[in-house]
Amino acid sequence: MSNRKHPWFRHRGYPHFDHPISFREAKRIVKDPEQVARHSFYPFVEFSIQTFKVKRNKITDKVERVGKTRPIAYASHVDCHIYSYYAFRISKLYEKWIRSNNLDESVLAFRSLGKSNVHFAANAFDAIRKLGNCYVVALDITGFFDNLDHKILKNSWADVLDESALPPDHYAVFKSLTKFATVNKGALYEALGISLNNHKSSPKRLCTPEEFRETVRKNNSLVKRNAEAKGIPQGSPISALLSNIYMRQFDIELHSFASNCGGFYFRYCDDILLIVPPVRKDDVEGFAMDEIAKLNLPINPTKTDRVSFEVSADGQLKGSKPLQYLGFLFDGQRVILRSASLARYSEKMRRGVRIAKATMAKRNSARIVRGDEVKPLFRRKLNSRYTYLGRRNFITYGYAAARVMDSQAIRKQLRGLWQRLNDEIDND
């Protein structure tokens, strides 16, 4: 739970190496620069989740389910308060810098703009419509957070503060994020004799300071430290802001390039989009690559998208192929959802229905043994998760996108999904 007057403070109830603390205690710590400079940061607790993407095989033209391991890391309670407070302070300076450099409409992610990726994609497609004949290049940075150069980050951080070097308290925060340590959650719980599966038995504090020193810190196989001169953890409350700060000079140069030729520049985290007149087609990508190389960041060539848009003789805007941006496809006329997004929804829906059916069958078996009446499948939860009757799911997201973009094509894509759910429920 966050504090409206002090938005940096948020109560987190998960078990970690320290206890959750009150707002008063957190305020006393974070507002004392000397104490922050002396603070000993705990390792991040890390675990991995398996996520799946649905992609269409270009050779077989079949939809395939591709697994991806995503690491999740979270900081201790006091450490989180420090990160949040410094993010709150620095973000004010960063936002002032954004406005002074006319980048408010170009740098999109990790800022309190009251908008979503739907609005950002709509703005980009409107920019293409406005320019008409244009060339668009979309670039994607590989392993964004994992490749942030520490020296560049340190200098950019100091620049935002208008300092020649980081003050001691800021340097302590910087060092904790660049020389960070992680502990695998499974191995940690095993070493401390804590059950991973029984959440009710998990203590509010994983161990005492003495147990941390003896059981965790001294165990070389348990604590992993970042020995590279690059990379910060994604799980801290300040990491997203720092990624934007890291890109400051790049944002200035790309925005200047696009503006000077009458084009547009957008960056959403590691997704870069440049929209320029056709006469700059041959030099725009090279310019972007030269600038990103200055930040020691790699571009994923397989995700680079190049599309030429032209206004035909009958006044219709058409792309050489559909442009893919922030989960949408735009061909000059229509905006639609990616087919992979629809396939991913269908996969989740089918899996959800199968689990619901298996659960109900198990419960009905127990009812039969007791002599109770068998009950039909409860559909309220399925409708909430997989139809427009829910509040926050893929379908409601799709219809919201259709409204923002005034896209009848998206509505048509979504229209048949209600029947698809019913067919899956009725399918024996």
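Helices (H or I, at least four residues) and strands (E, at least two) are DSSP runs, numbered from the N terminus. By that rule the protein has 16 helices and 12 strands. This is a predicted model: local features need pLDDT of at least 70, side-chain atom pairs count only at pLDDT 80 or more, and totals for chains, interfaces and linings use all residues. Residues are numbered from 1 along each chain as its sequence is written, and side-chain values use heavy atoms, with hydrogens and water left out.

**Overall build**

Along the principal axes, the C-alpha atoms fill a box of roughly 80 × 75 × 45 Å. The protein has 428 residues, and 46% of them count as buried. Buried means under 20% relative accessible area, exposed over 50%, and partly exposed in between (1.4 Å probe, protein chains only). A contact means heavy atoms within 4.5 Å. Among contacts between residues at least 6 apart in sequence, 67% join residues at least 24 apart.

**Salt bridges**

A salt bridge is a side-chain nitrogen of Lys or Arg within 4 Å of a carboxyl oxygen of Asp or Glu. The whole structure holds 15 salt bridges. The table gives three of them.

| Pair | N to O distance |
|---|---|
| R28 and E25 | 2.5 Å |
| K321 and D305 | 2.9 Å |
| E347 and R351 | 3.5 Å |

R28 and E25 both lie in helix α1, three residues apart, about one turn of the helix. R28 is partly exposed at 44% relative accessibility. E25 is also partly exposed, at 30%.

K321 bonds to D305 in a salt bridge. K321 sits in the loop between β9 (317-319) and β10 (323-325), and D305 in strand β8 (residues 305-311), so the pair ties together parts that are 16 residues apart in sequence. K321 is partly exposed, with a relative accessible area of 37%. D305 is buried, at 10%.

E347 and R351 are four residues apart in helix α12 (residues 339-370), about one helical turn. R351 is partly exposed at 30% relative accessible area. Elsewhere, salt bridges that share partners join E95, D104 and R111 into one network.

**Surface sites**

K5, K27, K31 and K92 gather in a surface patch of positive charge. Such patches are made of residues with over 30% relative accessible area and no salt bridge, with like charges joined within 9 Å. K5 belongs to the segment before α1 (23-30). K5 is exposed, at 71% relative accessibility.

N102 lies in the loop between α3 (77-100) and α4 (117-131). N102 is exposed, with a relative accessible area of 58%. N102 and I252 are 150 residues apart along the chain, with their C-alpha atoms separated by 8.9 Å.

Notes:
Patch = residues over 30% accessible without salt bridge, like charges linked within 9 Å, V, L, I, M, F, W, Y side chains within 5 Å. Areas by Shrake-Rupley, 256 points an atom, 1.4 Å probe, with all protein chains shown as cover. Lys, Arg positive; Asp, Glu negative; His and termini not counted. Charge placed at Lys NZ, Arg CZ, Asp CG, Glu CD.
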